[in-house]
Amino acid sequence: MDRRKIDVGLSTFLIIIAVIILTNDNLVEGGAETDLGSMFLPRIVAGLIIAFAATIGIQSLKSLLSGAKPEGGEEIITDGFGGIFVYIGIFIGYWLAVPHLGFLITTPIVMLAIAILLGGRNWVPMITISVITPVLIFYGSREFLRVFLPTWTLT
Amino acid sequence: MFDNILSGFSAILAVGPILGIITGVVVGIIFGAIPGISAIMAIAIILPMTFYVDPIIGITMLLAVYKAGIYGGSISAILINTPGAAASFLTALDGHALTKAGKAGKALDISLFSSVSGEMLATLVLILVAAPISAISLQAGPIEKVFLLLFAFTVIGTLAGESIPRGLLSCCLGMLFAMVGMSSITGASRFTFGFTELMAGFTFTPMLIGILVMPEVLNVIRRRRVPHHQLAITRSPNPADNRISFPEFRSVFRTILKSSGIGTFIGALPGLGSSTAAFIAYGEAKRTSKNPQKYGKGSVEGIAAAESANNAVCGSSMIPMLTLSIPGDDVAALLMGAFLIHGLTPGPMIFFEHTETIYAIFAGFLITDLFLLGIAKSGFSFFVKVASLRRYYIFPCVTVFAFTGAFTAGQNMDDILVLIAFTAMGYGMRMVGLNPAVFIVGFILTPFFEQNLDQALAIVGTEYHLLFASPFSWVFIALSFFFIYSGMRMRKKTAKNPPATEEECAQST
């Protein structure tokens, strides 16, 4: 993947966001009157974002228009990206399931899924680790840190 | 100061802090030695567990993880030629050559002794220098602090990013995210879009784990088809090949001292980091060596130079953080967050408000070196075995620790969403060449900057020229321009001779 195209898209996006910050007064609510005002620093930062994003975007656009081939870090290696999407999907599923199924039920399934994603096929040690680790974390957090991880709520 | 150091030692020599240091050293070596896990990842995962203990125990434990993690990185560099960070690239170059010659024990030994020597020297400098600098910086009022923080943003953004605009853009994005929620000055809610959950801003720990730790996990997931390397110590039948003798150590001691000095100096400058220190010290050692032709082919002196400089950065990077509130690199930014969570605000006042705690932490820093030496020397085989565990055992556990760490911060499931969102953002930032560590620095320093800016403007009123009346202001403006200029020069040089990237280091195996 050509990073210069992402640079152009990202720069445009950041410039639009920065312009909204500079022009929209509804992004702040309430607050006391001060010398600075609540939006002084955000607007300064927005101005700087426009400057830096434009620099990056223009450099990349010029390089793209000149037909130069991507060099070094400009070429993004996308091999194995499928795994990243699966991993993020597992994590989102984990976040959605934990409040209902509880930490002790969900975590072993998630650990096993990640182990399989990473190519693990040694079932006995994988299952053992996936069961023992959440139990240790759950009771360790409760007893030593007084952190109560979510439990089963589907009754 | 001597009394403070003694009271620091008396505070640290108790069961709790010592257990914390031992745990930190063991965790740090294991995490550092596992290819794909760095010291920063270990600190971020351990951080939530320290919330519930005394700051002396918690902070010394984190610092022990840091020091041991940096050293642990050299184990995988030497044994399987997989440097965990760019700073260990040179160690891998000479260390792995020795491993192939059956002298892994010698390489590991010199790496350990050099690391500990470098760290001890830098820690002594930290102890002696930090308090006097803080006394000077106490003279600074809000106006001077504004310029100091502007200097910090400029230097870190200029030197740490892939390019100057990308570094500064990373810093600006961090600043923007820090302004989400209720303003501490006006009480106004900014960028909350009606979500009351955003009133307190983004929770620091999940954001930190998401931005700095989880992208490394995603990187491992992406490279999951790369074959697993088994760490193993090769042993020569000749015992002299498996250890470093005293005459050998004495012969490289000058190099260790010089490289530690270079590492200490570079570590004290914000934004340069351990890679720069290692490369400069290695180059200098090679230039002055009697056997420069051996460098890169299994030179003990080369390992000593790279490791002592690399590790000296650990101690000295604390100097700008503790005296001026400027975190010099990503680990210092993370540790600054840890200090804040423990109720210690890094800056000159820390030496007056938390004298006993800070000197206990310094004493812990020194004692950690001794424990690192003892634990690493006695447990080489154990650490190598643990670090050889396959990634499908390690990374599911890392994921669960990250989840638990993010949840622990506020016992709130929304923080997990913050973790997921910043994981994606952190990985995306790396892809487009933005620097997540600079983002974190921007995020941490912005509240201090805004507060001081408000106070400074209240002092000068409408007479804005008074902002430039103090010599401090001009010194920091001049320093900012100097660093921008030297950053540009450094980049031009680097463009001519590009150093190996982490990706290249990993692929070189």
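**Entry 1. Chain A, UniProt spans**

I started with residues 76-95 of chain A, where the chain is 75% helix and 0% strand. The C-alpha atoms at the ends of residues 76-95 are 29 Å apart. I note here that this is a predicted model.

I then took residues 101-118 of chain A, and found 89% helix and 0% strand. For residues 101-118 the end C-alpha atoms are 25 Å apart. Both spans come from the UniProt record, where an unreviewed entry gives "transmembrane region" at residues 7-24, 44-64, 76-95, 101-118 and 123-141 of chain A.

The UniProt record, again as an unreviewed entry, also lists "domain: DUF1468" at residues 13-150 of chain A. I computed 70% helix and 1% strand over residues 13-150, with the end C-alpha atoms 38 Å apart.

**Entry 2. Chain A, domains and one loop**

I looked up how chain A is divided, and the assignment gives domain 1 (3-74) and domain 2 (81-145). Taken over C-alpha atoms, the centres of domain 1 and domain 2 of chain A are separated by 38 Å.

I picked A:Gly67, which sits in the loop between helix 2 (40-65) and helix 3 (81-101) of chain A. Is A:Gly67 buried or exposed? I counted 6 other C-beta atoms within 10 Å, so A:Gly67 is exposed; the cut-off for exposed is 12 or fewer. From A:Gly67 to A:Ala113 I get 44 Å, C-alpha to C-alpha, for a separation of 46 residues in sequence.

**Entry 3. The contact between chain A and chain B**

I listed the residues in the contact: 58 residues come from chain A and 52 residues from chain B. On the side of chain B that touches chain A, the elements giving two or more residues are helix 8 (164-178), strand 2 (189-190), helix 9 (204-222), helix 18 (391-410), helix 19 (414-431) and helix 20 (436-460) of chain B. Which helix of chain B gives the most to the side that touches chain A? I found that helix 18 of chain B does, with twelve residues. By residue class, the side of chain B that touches chain A has 32 nonpolar, nine polar and eleven charged residues.

I found an open sheet of three strands in the order 1(A)-2(B)-1(B), with antiparallel pairing. Strand 1 of chain A and strand 1 (181-182) of chain B stand at the edges with a single partner strand each, so one side of each is left without a neighbour in the sheet.

I checked the pairs one by one. Strand 1 (residues 28-29) of chain A is joined to strand 2 of chain B by two bridges, and these strands run antiparallel. In this pair A:Glu29 stands opposite B:Ser189 of strand 2 of chain B. Strand 2 of chain B also pairs with strand 1 of chain B, over two bridges and in the antiparallel sense. Here B:Ser189 in strand 2 of chain B is the bridge partner of B:Met182.

Most residues other than glycine have a negative phi. I noted two residues of chain B against this background.

B:Phe193 has phi near 50°, a positive value in a residue other than glycine. B:Phe193 lies in the loop between strand 2 and helix 9 of chain B. B:Phe193 counts as exposed because it has 10 C-beta neighbours inside 10 Å.

B:Gln411 has phi near 50° as well, also a positive value in a residue other than glycine. I placed B:Gln411 in the loop between helix 18 and helix 19 of chain B. With 13 other C-beta atoms within 10 Å, B:Gln411 is partly exposed.

**Entry 4. The nonpolar core**

I looked up the largest nonpolar core and found 205 residues in it. B:Ile43, B:Ala44, B:Leu62 and B:Val65 have the most contacts inside this core. Helix 4 (residues 55-80) of chain B gives the most to the core, with 17 residues. The core also draws at least three residues from each of domain 1 and domain 2 of chain A.

Which residues does B:Ile43 contact, leaving aside its neighbours within four places in sequence? I found B:Leu62, B:Val65, B:Tyr66, B:Val331 and B:Leu334.

**Entry 5. B:Val155**

I located B:Val155 in helix 7 (residues 142-160) of chain B. B:Val155 is buried, because 27 other C-beta atoms lie within 10 Å. I computed 31 Å between the C-alpha atoms of B:Val155 and B:Asp415, which are 260 residues apart along the chain.

Methods:
Residues are numbered from 1 along each chain as its sequence is written. Chains are lettered from A and ligands numbered from 1 in the order in which they are written. This is a predicted model: local features need pLDDT of at least 70, side-chain atom pairs count only at pLDDT 80 or more; totals for chains, interfaces and linings use all residues. Two residues are in contact if their C-beta atoms, placed from the backbone, lie within 7 Å. Helices (H or I, at least four residues) and strands (E, at least two) are DSSP runs, numbered from the N terminus. Ala, Val, Leu, Ile, Met, Phe, Trp, Tyr, Cys and Pro count as nonpolar, Asp, Glu, Lys and Arg as charged, and the others, Gly among them, as polar. Two strands pair if DSSP finds at least two bridges between them. A nonpolar core is a set of buried Ala, Val, Leu, Ile, Met, Phe, Trp, Tyr and Cys residues joined through C-beta atoms within 7 Å. A residue is buried if 20 or more other C-beta atoms lie within 10 Å of its own, exposed if 12 or fewer, and partly exposed in between; C-beta atoms are placed from the backbone. Domain bounds come from an automatic or database domain assignment. UniProt positions are given in the numbering used here, feature names are shortened, and annotations may be inferred rather than shown by experiment.
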